[in-house]
Amino acid sequence: MKHELEIEFKNLLTADEFSRFTTAFAVRDEEWDVQQNYYFDTPDFQLKQQKSALRIRFKNGSYTLTLKQPYEDGLLETHEPLTSETATALISGATSLQGDIANILQSLHIDPTAIVCFGSLTTRRAERPYKNGTLVFDYSEYMNVADYEVEYEANERAEGEKTFTQLLESFHIPKRKTKNKIERFYEAKYETERSS
């Protein structure tokens, strides 16, 4: 199990803005990594109610279970590697959550056996070191939706926010209220179910 504090800023982009960014930062076709995110919660969204999120990410041939929780200036991420057999069983609902993250859920009064997979989101991602952080370009597809996003992962909130704001201004891109991927996924899922 590994803990990490995440301080990040994000902004949704149009396809044209995304293209301008990736051109300016010389992102080549072969640099894009593909990752698959599977999102979990209880049927009555107990994690969401605590402003937390749980996902399994498949990237570079390996699966990682991550719990995100609010913490001071950002999000506390707890990572746990999974075997492909365990990940596949959790995604299909053939087994229930066990281990360190299951213990953390119990401490939050969430029953780990009630956790279910709600679906997946696929992201093509490229990264660049930028100032004192990392710039991340994401193209995501989920529930018949596709979106473009730029993220800036910083070590410190005030400096990171200033750097990110200046970057957007230099590209003449308006700051947009941007929900995180899991929120956008659940909104799209809700819309799809409501219209079917």
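**Overall build and the last helix**

Of the 196 residues in the protein chain, 45% count as buried, meaning under 20% relative accessible area with a 1.4 Å probe, protein chains only. The model is predicted, so local features need pLDDT of at least 70 and side-chain atom pairs count only at pLDDT 80 or more, while totals for chains, interfaces and linings use all residues. Residues are numbered from 1 along each chain as its sequence is written, and side-chain values use heavy atoms, with hydrogens and water left out.

The protein chain has six helices and eight strands; helices (H or I, at least four residues) and strands (E, at least two) are DSSP runs, numbered from the N terminus. In sequence order the pattern reads β-α-β-α-β-β-β-α-α-β-β-β-α-α. The radius of gyration of the protein chain, 17 Å, is close to the 16 Å that the globule rule gives for 196 residues, so the chain is as compact as a globular protein of that length. That radius is taken over C-alpha atoms, and the rule is 2.2 Å times the number of residues to the power 0.38.

Helix 6 covers residues 181–195. At 1.5 Å a residue its 15 residues should span 21 Å, and its end C-alpha atoms are 21 Å apart, which agrees; the expected span is 1.5 Å times one less than the number of residues. The buried residues of helix 6 are K181, I182, R184, F185, Y186, A188 and K189. Their cover includes strand 1 (2–13), strand 2 (33–41) and strand 3 (53–59), as well as strand 6 (116–130), strand 7 (133–142) and strand 8 (145–154), where contact means heavy atoms within 4.5 Å.

Note on methods. Buried means under 20% relative accessible area, exposed over 50%, partly exposed in between (1.4 Å probe, protein chains only).
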